[in-house]
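This report looks at a ligand site and at aromatic contacts. The sequence and structure come first.

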Amino acid sequence: MNLRSHSHSRLLLTLSVWLLAVLSLSAAAPVFIPVETAHNALLLQTDKDGRLLMTYFGTKLNHSADYGQVSAQTNYHDSDTGFFNHAYTPAGTWNLVEPALSITHADGNVSTELRYVSHTTEATDANVKTVSVLLSDPVYKTEVTLYFKIYAKEDVVEQWSVIRNNEKGTLTMGKYASANLTFTAKNYYLTHFHGAWAQEMKPEQTLLTHGIKTIDSKLGTRANLYEHPVFVLAFDKPATETEGKVMLGTLAWSGNFKMDFEVDAYHQLRVIPGINPFQSEYPLASGKEFKTPSFIYTFSDKGTGEASRQLHRWARDYRLYDGNGTRLTLLNNWEATYFNFDQEKLVKLFADGKKLGVDLFLLDDGWFANKYPRNDDKAGLGDWEPNAKKLPDGVSYLVKEAGKAGVKFGIWVEPEMVNPKSELYEKHPDWVIRQTERPEHYFRNQLVLDLTNPQVQDYVFGVMDNLLGKNPELSFIKWDCNSVIYNAQSAYLQKTKQKQSQLYVDYVRGLYKVLDRVRAAYPKVPMMLCSGGGGRVDYEALKYFTEYWPSDNTDPLERVYIQWNYSYFYPVIASCNHITDWSKVGLKYRTDVAMMGKMGYDIVVSHLSENDLKFSQQALKVYDSLKELVWRGDLYRLASPYENAYASSMFVNDAKTKAVMFNYVVTNRFDATYTPTPIRLTGLDATKNYRIKEINLYPGTSSSLNTSTVFSGDFLVKNGYNPDLSLQRTSVVLEITAE
Ligand code: GLA
């Protein structure tokens with residue numbers, strides 16, 4: 001038999017096996033795979049050709065037999081341009097809409113088909129189980145397994161895909177999304193979040209029209225600088241905090257992402273989130289698998305408030321590093337000193353931290369590098385030796401002195417980055433991401449190290465190991481990442497004959513490898529995720545980090561909005577809120593806003609007036625008594641600053657016996673705040689009675705509220721309560737206790 005007829009007969013055999021499979025499946029009854037949480041369901045089902053479709057998403061149906069009726073109720077024709085509601089749409093065959101998967105096979109063929117093979121359910125415990133569905137290409141044998149990890153009580157689903165190459169040669173993936181969900185509703189309202197430095201998480205809501213709306217990032221590192229990988233999707237009509245069908249979704253990936261929202265010809269919405277395929281063709285060798293990042297989502301038919309609380313609970317219990325642990329209050333020196341300090345000055349600041357009453361002193365940027373000292377942001381990144389002029393006795397001396405002063409000590413690092421003015425750059429130019437043939441292009445005078453290179457991974461781990469290994473009492477790390485990737489090119493990928501298009505993906509994977517090692521060696525140390533503000537906040541990074549820095553913008557008025565928007569997706573225990581001198585808004589307002597999360601300071605304590613110091617010392621004690629409630633309570637966003645002249649949020653404990661309500665005026669217009677309206681305290685127990693007391697008052701002021709009344713929960717929920725905000729009382733904190 002010659003080679004040609006051999007391959008012909010192989011093809012015939014493959015085709016007949018495929019035909020048989022198709023015939024037997026088409027004869028068989030459809031397979032239904034409900035992916036169910038406590039209250040919600042997503043329904044997968046096979047069609048007559050054995051393709052896997054998604055036919056339902058929303059509140060769980062009471063009778064599982066009814067799932068069989070779902071697809072017949074949609075006025076939907078599949079005869080022309082192919083199915084639109086495939087659960088993982090492959091490119092190059094019957095499908096002409098946006099695919100989830102596109103592959104160039106080893107022989108150059110660009111078509112892929114996926115047919116249902118089998119599915120399994122595996123329980124981790126009583127609450128968590130994983131449904132996996134195996135799909136396979138009948139011709140090329142490429143396999144895709146769709147994973148749905150179900151957190152039942154929290155109503156959260158974590159979905160990812162694994163693509164496996166069963167061909168003889170290497171295939172190339174052009175697009176390899178995490179998920180491909182299809183929704184059916186009257187209308188779709190997307191709220192997405194954009195920003196820039198010091199302007200993180202600005203929401204925009206849009207009615208999705210036919211065609212594709214894309215939210216993406218191509219920045220490589222600091223990937224969320226302009227767009228955040230999170231969204232709110234409301235079905236039929238815009239959702240409120242307490243009403244409407246709404247999904248919160250987020251991609252857990254610290255690099256380039258792309259989320260497509262396609263409304264198709266049948267008015268179905270297809271959401272395809274994943275790694276951004278932009279310059280990221282990824283090879284997959286024979287027998288190898290590729291696991292996509294997770295897409296995490298929750299659904300509520302009772303508005304965004306409940307959906308957020310579900311996600312918060314999930315994050316604290318299952319995702320955020322030490323999500324149910326404790327957190328340290330701190331004094332940071334960034335805005336207080338910038339690069340201008342030495343060890344004497346720092347030791348004095350330790351004493352100030354103690355006087356204030358915080359747990360920890362955090363030394364920020366500027367402590368390292370000798371040949372090119374880090375005295376501004378133009379030099380030194382990469383040379384992680386303490387600067388001998390500023391810190392002649394090194395980091396260990398600072399740790400010791402802080403301990404003597406009665407505070408713990410933490411330190412800032414930015415180990416993925418390098419200034420061209422550094423010894424590291426001089427020694428290892430090939431460790432730097434850059435186009436050697438072109439002029440370098442800088443972001444904050446710096447470049448990004450090539451984390452695809454295992455030697456660079458060792459180096460970055462080494463920076464951390466050196467710091468934490470030598471100073472076991474080092475109690476906190478702030479891990480920064482200020483630069484995006486320009487001129488994306490890797491000398492390592494070149495040298496090892498890999499593809500440049502792997503750079504964006506392998507960078508992030510390299511970062512996770514380093515963080516895995518850091519966490520294996522140093523499981524206890526709290527770490528703050530920072531990226532020139534909130535340029536890198538996502539649920540994959542938060543597997544390693546205990547908290548994140550939402551924004552360099554610490555103006556409390558801005559923070560009311562910024563923290564409000566992050567709170568849709570992330571629990572406030574992870575939100576680092578610092579009191580600074582960014583704005584001159586009164587110290588009480590600044591402090592109250594910082595209390596709604598993980599409180600810290602970045603001020604010159606010695607510049608505080610006597611009353612300001614007294615107030616701050618007292619506030620730290622108040623915070624200590626409230627922090628359990630704030631960190632672990634349920635968040636109710638009661639009044640939106642976007643819809644009112646004020647903002648109001650409340651945290652309630654599980655038993656609904658204790659709550660704290662934060663209220664802020666967000667305008668300086670007398671008229672806007674003069675007409676007081678009661679704010680409904682949704683989240684309290686209508687059957688209980690509550691006493692309300694104003695707390696965290698500034699020295700010398702007293703509350704205008706009467707504490708002698710006991711209110712019924714019913715009254716507070718239905719009528720509401722007036723915190724008496726005004727231009728004289730711009731920030732009011734209320735402690736609510738069941739009698
Ligand atoms: C970034 C961070 C700041 C500070 C500086 C130091 O901008 O967001 O908080 O650490 O770097 O250079």
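## Ligand site and aromatic contacts

An oxygen atom of the ligand lies 2.9 Å from a side-chain N or O atom of D480. The model is predicted. The protein buries 96% of the 310 Å² that the ligand exposes when taken alone.

The ligand is surrounded by 13 residues, and the closest are D364, D365, R444, K478 and D552. By class, the shell holds six charged, four nonpolar and three polar residues.

The whole structure has 50 aromatic pairs. One of them joins F235 and F299, which are tilted because their planes meet at 50°, with ring centres 6.1 Å apart. F235 belongs to strand β14 (residues 227–235) and F299 to strand β20 (residues 294–300), so this pair ties together parts 64 residues apart in sequence. F235 is buried, at 7% relative accessibility. F299 is buried too, at 4%.

W334 and Y338 pair edge-to-face, with 4.9 Å between centres and 80° between planes. W334 is buried at 17% relative accessible area, whereas Y338 is partly exposed at 41%.

A single aromatic cluster includes F235 and F299, along with F57, F183, Y188, F231, F261, F295 and Y297.

| Arginine | Ring | Distance to ring centre |
|---|---|---|
| R309 | Y636 | 3.8 Å |
| R519 | Y321 | 3.7 Å |

Terms used: Residues numbered from 1 in each chain as written. Predicted model: local features only at pLDDT ≥ 70, side-chain atom pairs only at ≥ 80, totals over all residues. Heavy atoms only, no water. Near = heavy atom within 4 Å. Polar contact = N/O pair within 3.5 Å; in protein donor to acceptor, adjacent residues only side chain to side chain. Areas by Shrake-Rupley, 256 points an atom, 1.4 Å probe, with all protein chains shown as cover. Nonpolar A, V, L, I, M, F, W, Y, C, P; charged D, E, K, R; others polar. Phe/Tyr/Trp six-rings, centres within 6.5 Å; stacked < 30°, edge-to-face > 60°. Helix = DSSP H or I, 4+ residues; strand = E, 2+ residues; numbered from the N terminus. Buried < 20%, exposed > 50% of the residue type's maximum accessible area, 1.4 Å probe, protein only. Lys NZ or Arg CZ within 6 Å of the ring centre and 35° of its normal.
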